[in-house]
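Hi everyone, thanks for coming.

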Amino acid sequence: MNRDKKIALFLAPFLLIGGYAATDQYLDSRQEPTELFQLETSGDCRPFDGDCILQSGDVQVNVTDSGGLTTVNSSFPADSVSLSLVYRDGREVIYGLDRLDNPQYWQKETAIREAIAASQAADRLRIVVQIEGGHFLGEFSPMLPVQ
């Protein structure tokens, strides 16, 4: 075997791996842009009474708050869920919810009940649910709990 063939056989695996990596980066750069979908409430949204459903097409998201523990469950497994509390003075507090054993269920301790129901310092909630590359966005004013 001559010198040129030895060099070619030595370089071939490196060129193969480099070509694979370059192709992967090229395909990632051509990825589709993120799709945005609007979540709409179906009727009154009462998260403190366990009745707050938002919907966009086949995707349904239920938001509840019981004893300071805010829970979100969706009809499809979610990659991430964020909920933000919007105060009347313009401040916004964002809560990244933690996934439970099932990716359809997310929860976190929040101050939503205190800010909306007790002190009425806040009046809106915003939610962002990421499902398979699509972002589902919703904003709503929760109804106060029935006393």
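Predicted model: local features only at pLDDT ≥ 70, side-chain atom pairs only at ≥ 80, totals over all residues.

Strand S3, residues 53-56, runs antiparallel to S4, and four bridges join them. One of the links is Ser56, whose bridge partner in S4 is Val59. Residues are numbered from 1 along each chain as its sequence is written, and side-chain values use heavy atoms, leaving out hydrogens and water.

Now zoom out. S3 and S4 belong to an open sheet of six strands, in the order S2-S3-S4-S5-S9-S8, with antiparallel pairing. Pairing here takes at least two DSSP bridges between two strands. Which strands are at the edges? They're S2 (40-41) and S8 (98-99), and each pairs on one side only.

Next, the inside. The largest nonpolar core has 27 residues, and Val61, Val81, Leu85, Ile112, Ile127 and Val129 touch the most other members. Such a core is a set of buried (under 20% relative accessible area) Ala, Val, Leu, Ile, Met, Phe, Trp, Tyr and Cys residues, joined through side-chain atoms within 4.5 Å. Strand S10 gives the most to this core, with five residues.

Last stop: Ile7, in helix H1 (residues 3-29). Why does Ile7 count as partly exposed? Because its relative accessibility is 40%, and partly exposed means between the 20% limit for buried and the 50% limit for exposed, with a 1.4 Å probe and protein chains only.

Definitions and conventions: Helix = DSSP H or I, 4+ residues; strand = E, 2+ residues; numbered from the N terminus.
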